[in-house]
Amino acid sequence: MTTTSLGSASPSADGLALAGHVAVVTGASSGIGRATALRLAADGATVLALGRDQARLDALGKEATGPGTLVALRLDLTDDAAVADLVAEVTARHGRVDHLVHSAGTYAGARMDAASLADLDAQYLANVRAPYALTQRLLPALRVAGADSGADIVIVNSTQGVRAGAGTGQFAATQHAMRAFADSLRQEINADGIRVATIHLGRTATPRQETIYAREGREYAPALLIQADDVADLVDYLIRLPPTAEITELHLRPAKKSY
Ligand SMILES: NC(=O)c1ccc[n+]([C@@H]2O[C@H](COP(=O)([O-])OP(=O)(O)OC[C@H]3O[C@@H](n4cnc5c(N)ncnc54)[C@H](OP(=O)(O)O)[C@@H]3O)[C@@H](O)[C@H]2O)c1
């Protein structure tokens, strides 16, 4: 597989599960989004892999091998104009989006005594407003695929989106918001052939988690955590379900424990 400029994808099957499908994956420059973008491209999809860090996006393009197409695109999802341009280009080139995977986001942990309002605002913008705005703009393209073979929105959420722990109030609030967003949207767009799934994740071995362990002053043991590829497997499974079935919510946690 090569990193290419945007090209057209037609919904013709050639034996690969996702041949002819167009997928948009956010957070694709790191961790879970990265593993998911590579997986969907390996399944034959045209993957628009979004991130901000140009060096890591370049590395992603080089790592991609296989029959699909991975297009690494740099943009800040909190920039409304950049998102509008992206959606216009995707719509003009492809006319459809079959799978939208939200994995971008940011994390700042602190107890309320020490937490800053600047961190609260930054997490709201990146974790709630950005995925909301991107989804809203992509709905017409998702509806095109939904009316054809079905479409999916997968939201990578956290266990903190179900039960908030001490020191995570700001982040957990954004994850609760995304759970509500998913549950409401599902009822609005299931009739258009679009499924909405939330994955509530426990600690997963990614650059973010390594940073969190360092801040906590604890030894990082990635082998004891969920692997980014485990989550990519799950996303792959969700979107390959027959269109008659929908998984709405999944909870994934490390089988071994490091704490
Ligand atoms: N890792 C875990 O233990 C864990 C547990 C529960 C839930 N989750 C959730 O899983 C998702 C992925 O986590 P991860 O561990 O893979 O995170 P990560 O390694 O920190 O990667 C985060 C990604 O989000 C992108 N991003 C952040 N802000 C952005 C913005 N404004 N515009 C565009 N892209 C932006 C980053 O892009 P750049 O790096 O290019 O800036 C990066 O690709 C997150 O939503 C997280 O809450 C993770």
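I looked up the largest nonpolar core first: of its 64 residues, Val25, Ala37, Val47, Ala49, Val97 and Val231 touch the most other members. Helix H4 (residues 117-148) gives the largest share of this core, nine residues. I took a nonpolar core as a set of buried Ala, Val, Leu, Ile, Met, Phe, Trp, Tyr and Cys residues joined through C-beta atoms within 7 Å. Buried is 20 or more other C-beta atoms within 10 Å of a residue's own, exposed is 12 or fewer, and C-beta atoms are placed from the backbone. Helices are DSSP runs of H or I, at least four residues, and strands are runs of E, at least two.

This is a predicted model: local features need pLDDT of at least 70, side-chain atom pairs count only at 80 or more, and totals for chains, interfaces and linings use all residues. Residues are numbered from 1 along each chain as its sequence is written.

Next, the ligand. I found 28 residues around it, with Gly27, Gly31, Gly105, Thr206 and Arg208 the closest. A residue counts here if its C-beta atom lies within 6 Å. Helix H1 (31-42), H4, strand S5 (151-158) and helix H6 (207-216) each supply at least two shell residues.

Then helix H5 (residues 169-189). Its 21 residues should span 30 Å at 1.5 Å a residue, and its end C-alpha atoms are 30 Å apart, so the two agree. Among its buried residues are Phe171, Met178 and Phe181. The buried residues of H5 pack against H4, S5 and strand S6 (194-201).

Last, Ser184, in H5. I list Ser184 as exposed because 11 other C-beta atoms lie within 10 Å.

Notes:
The expected span of a helix is 1.5 Å times one less than its number of residues. Two residues are in contact if their C-beta atoms, placed from the backbone, lie within 7 Å.
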